Structures are given as structure tokens and as C-alpha cells.
Amino acid sequence: MATLLMFIPVRKVSLSFFFTWLSIVSTEAGKMQFLGISLIFIIYLSCVSGLYFHIAETERKCFIEEIPDETMVIGNYKVQLYDPRTGGFMPSSPGIGMHVEVKDPDDKVVLSRVYSSEGRFTFTSHTPGEHIICLYSNSTKWFSGTQLRVHLDIHVGEQTMDYAGIAQKEKLTELQLRVRQLLAQVDQINKEQNYQRIREERFRQTSESTNQRVLWWSLTQTAILLVMGAWQMRHLKKFFEAKKLV
């Protein structure tokens, strides 16, 4: 299992610039400007969905994606082989295949297939929850001891729909296409809400089960302490009676 981190470079800022920025933000106009910049930054981060990672010849990379039920998932990938002569990665590696395996929350295999060095994989979820998507090379004879760079971009739900193709195929107007997009987004929101309800119900059941176990454990401890106290008192009473101290 791999952990992917995004590092954002931070430059040194002088104290005068910091106090100037603080004075600007403290004003009403500065607050509105700051909120606008923050909103643009958040939108920019939300648009970033692609990533790449490196794997060795026998390494296996897995990702966890929370997916509602009856939701389509499309993953686009591209594999590049490291070239020691140039010190970089080749633009294309036709001799390398990629094995894609997807498991649902019940640990059932939803997809297990070998693809080429570049392409896409598609599957539809039938059980809501965390799906595990694993990628690894299908063979080691094409490269030995080198690294592979894998570019991966995953689209879930409404993001998988090709609205340009739909508009061209069904000859939809701009207004009709916009209505289709809104309907797809509403359907995706409904699925997400249903999934959140399922998660909330599972969490509630887990909390109630944990509270019940804690309660029974506390009662068991209290009962054990009472029994031990009664036994000690009886034992001490017999001891004193045997010594004729009582």
C-alpha cells in the first residue's frame, strides 16, 4: 500500500510583507479579496485529479476509492519505462502491460484484467463503500531492476459522462445538454447522500455495539469485585474464628 503526498513549495516571506498582508486582510475590502483568492485556490485544487507514481518490477500499488452503489468508474492510465541512457522516462512503452484488479468492500473481485501500456479500465460498483484499485506490471521480462512511471486519472460517477459525444449523438441543444448535466449531477448527489446515510447507519451500529460492550464489561468488573470482596470477607472471618480472635 502506497501513501501519496502532495508537497507545496513554500518561500520565505519577510516580516514587513507579513504585517502588510495582515493589515490588508483586517480591512473589509481585504477580507473580500482574501475570500475570493481562497475560493479560486480551492477550485483550482478540486480540478486537480491526475497523478503519477513509480513502481518497481514486482511492486503493487493500491488505491482506496469510496464509491456509491451503481456508479460507473473510469480510469485512464499510461505506463512509461525508465531509460538509463537518457536518465528520463520513455514517451511510450508498448512492450509493457499493466494488470488492473478492483475489489469491492466485500473483498469480491469486480475487475481483474491485463491491459496494454496505455488505455483505460471501466467498472460499475454494485456495493457502496471503499473499493481497492490495484495496479502492477504483468511481466518482468521486458525490464529488469528499472522503474515504471504510471500516470493515473480516475473519474467517478457524473465525471465519466462524455457530454460532447452525447450532444452530438442525440443532437441536443445547449439548453438540453445543460439540463442533462444537471440531472446527472442530481442523480450523483442522491447516490452520495444514500451512501452517507449507509455510512452513518454503520457508524451508529458500531457505536451502539461498542457502548453495549463497554456497559457489559463494566457490569462484569463490578460483579467480579463484589464477589472477590465477599470471598475475602468470608475468608478473613474464618481466619479470625480459627485463631479465636472473634
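Trainee: What is the mean pLDDT of the chain, and what share of its residues reach 70 or more?
Mentor: This is a predicted model: local features need pLDDT of at least 70, side-chain atom pairs count only at pLDDT 80 or more, and totals for chains, interfaces and linings use all residues. Residues are numbered from 1 along each chain as its sequence is written, and side-chain values use heavy atoms, with hydrogens and water left out. pLDDT is the predictor's confidence in each residue, from 0 to 100. Its chain mean is 75, and the share of residues at 70 or more is 74%.

Trainee: Which element of the chain has the lowest mean pLDDT?
Mentor: Elements are DSSP runs numbered from the N terminus: helices (H or I, at least four residues) and strands (E, at least two). Strand 5 (residues 98–103) has the highest mean, 89. The lowest, 42, belongs to helix 1 (residues 15–26).

Trainee: How many contacts does the model have for residues 39–48 beyond four places in sequence?
Mentor: Contact means heavy atoms within 4.5 Å. pLDDT stays under 50 over residues 39–48.

Trainee: How far apart are the end C-alpha atoms of residues 214–233?
Mentor: The unreviewed UniProt entry lists 214–233 as "transmembrane region", along with 37–55. In the model, the span 214–233 is 100% helix and 0% strand. Its end C-alpha atoms are separated by 28 Å.

Trainee: At roughly what angle do the axes of helix 3 and helix 4 cross?
Mentor: Axes are lines fitted to C-alpha atoms, for helices over the stretch in contact, and angles run from 0 to 180 degrees between N-to-C directions. The axes of helix 3 (residues 163–170) and helix 4 (residues 174–242) come within 11 Å. They cross at roughly 130 degrees.

Terms used: UniProt positions are given in the numbering used here, feature names are shortened, and annotations may be inferred rather than shown by experiment.
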